[in-house]
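Dear colleague,

I am passing on the structure below, and I would be glad if you could look through it alongside these notes.

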Amino acid sequence: MEENEIPQFFLCPISLQIMKDPVTTITGITYNRESIEQWLLTSKSCTCPITKQPLPRSSEFLTPNHTLQRLIQSWHLQNSSISVEKIPTSTIEKLVKNLDHESLEKLLALALENERNRICMVEAGVAKAIIQKVIINNFYKQGKTTSLEEALRILHLILPLAITNNDNINNIKCSIVDDNFDLVNSLTLILQHHNDNKNFKVINEAMIVLKLIFEVKNSTSLLNLNVDFFREIVKVLRIRNKALPIKAMKSALHVLLQTCPLGRNRLKIVEAGAIKEIINLAIEKQEKNQTELIFKLLADLCCCADGREKFVQHAAGIAMISKRTLRVSSTTDDCALQIFCLICKYCATNDVVQEMLRVGAVSKLCMVMQADCGSYLKEKARGILRLHSNVWNNSPCIQLYLLTRHQRFGE
C-alpha cells in the first residue's frame, strides 16, 4: 500500500467514504452507522448489503466498532493532507478568543462538518475553553444562559476525541475533568434549569456530556456528589416526552451506573427516588441494551437495605422483573436472579414471598432451571427456590409440570 493510501477497511461498503461512526451488524460486516441505518430504513428486503443475509431493522442490533474508530482517528492525525483540508489554527484561535454567540455558532458548524475539524478544535483547546468560559464562568458563576445549547453540542462532538488516550491529542482529562468539580456543578444547574423549562435539546446535550466526563473522571472525585445531583438525573428518567431523545435516558442510566458503587452514592440515588422511576421506565417497552442498563442498576441498588425496601414497596417491581426474565438476554437474567436472591434473603416477609407466587416469579425461577441457559443461572435459581421451599413447594400457583419436574428443589 502506498504511503497515505486510505485503507480499504476504513471505507463504508455502502457510501465508499471513510467511516465516521463504524458499527458492526450481526453478519460481522462493519458499516458507517448513518449509511446502514438508512439502508435498513429504506430497503425492501432487509438484508446485509455484502453477505445478503437477513438483518433485523432495529438499530439496537448494531454494535459500535470502537477499535476501528480509534484506528481511523489515528490515521486521520497522521494523514491529514489527504483526509480533509485542515482549517487554519488561527481561525479557531480567533473564535475561541471571543466565544460569543456568533463564534460558538461558527465553531459548531465546523465541528459538524467533519472529523478533521473536530481534531483541530481539540488540538486548539476548544473543549477546555468552552468548559471554562461558557459553562463555568458565564452560566455557573454569572447565570448567563445564552448559547448553552451550542456550547454543549460542541462538547458532545469533540469530547470523545479530547479524552481519548491517543498521545497526539490534547488530553483534558486531568486539567478539566478530574480536577474541576465546578464542571459537574455547572451541568447539574443546567439540568435543573432546563428540566423546569422542559428544554429537551439542552437536557439531551448536558446528559451526554455528563456521561462522557464520568467515563474518565477520577472515582475519588465522584464520592462528593450530593443528593441534589442525583435528583436532577432522576428527573430526566421521569420525562415521558418523545421530544427527549433516547440518548438522554441512556446517558442518565450510564451516569447512575458509573456512580452507584462509590461511597454513599447508592444510598443517595435511592433517596433521590430512583427506584420508582427506574421500575416505571422498565415497565414500558425498551430496547435490549436499555433494559440491560435498567436491570444492572436495579441489581446494584438492591445491594443496600434502603434500595431493597423501595423495590418491594413498588407494586410492579417483582412482576416486572419476572416478566422480563428469559425474554431479553443472559445479562438481564443474571441481574434478575441477583435481585430475587437479595429480596428472598433479606426482606422476604410473608407478603413478599406470597407476591412472588402470585405474579409468577416462582414459576419463572422453575422455568430458568429448564431453559437453555448457563448452568450458573440454573444454580442461582435453584438456590433461590430452596430459600422458601416450605411455602412454595405445595402452592397451586406453580404450574403442575414445573413442580413434577423439580419437586425436590427444596431438598
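This is a predicted model: local features need pLDDT of at least 70, side-chain atom pairs count only at pLDDT 80 or more; totals for chains, interfaces and linings use all residues.

Residues are numbered from 1 along each chain as its sequence is written, and side-chain values use heavy atoms, with hydrogens and water left out.

Helix packing

Two packed helices are described by the angle between their axes and the distance between the axes. Helices here are DSSP runs (H or I, at least four residues) numbered from the N terminus, and their axes are lines fitted to C-alpha atoms over the stretch in contact, with angles from 0 to 180 degrees between N-to-C directions.

Helix α7 (residues 126-141) and helix α10 (residues 181-197) have axes that come within 10 Å and cross at roughly 55 degrees. That makes α7 oblique to α10, since angles under 35 degrees count as roughly parallel, over 145 as roughly antiparallel, 65 to 115 as roughly perpendicular and the rest as oblique. The crossing of α7 and α10 is left-handed, a term used if the near helix is turned anticlockwise from the far one by less than a right angle.

The axes of helix α15 (residues 274-283) and helix α18 (residues 317-324) come within 10 Å and cross at roughly 40 degrees, which makes α15 oblique to α18. This crossing is left-handed, and Ile 279, Ala 282 and Ile 283 of α15 make the contact with Gly 317, Met 320 and Arg 324 of α18.

Helix α8 (residues 148-162) packs with helix α11 (residues 200-216) at an angle of about 35 degrees, their axes being 9 Å apart, and their crossing is left-handed. Their contact has ten nonpolar, one polar and four charged residues.

Cavity and pocket

On a 1 Å grid over the protein atoms alone, a cavity is a set of points where a 1.4 Å probe fits but cannot get out, a pocket is an open set with protein on both sides within 12 Å along at least five of seven lines, and lining residues have an atom within 4 Å of a point. Points are joined across faces, edges and corners, and a volume is the space filled by probe spheres set on them.

There is one cavity of 30 Å³ or more, and the largest cavity holds about 40 Å³ of space. Its lining has six nonpolar, two polar and no charged residues. The largest pocket holds about 2,200 Å³, and Asp 21, Arg 33, His 66, Gln 69 and Lys 247 lie nearest its centre.

Best wishes

Technical notes. Helices (H or I, at least four residues) and strands (E, at least two) are DSSP runs, numbered from the N terminus. Contact means heavy atoms within 4.5 Å. Ala, Val, Leu, Ile, Met, Phe, Trp, Tyr, Cys and Pro count as nonpolar, Asp, Glu, Lys and Arg as charged, and the others, Gly among them, as polar.
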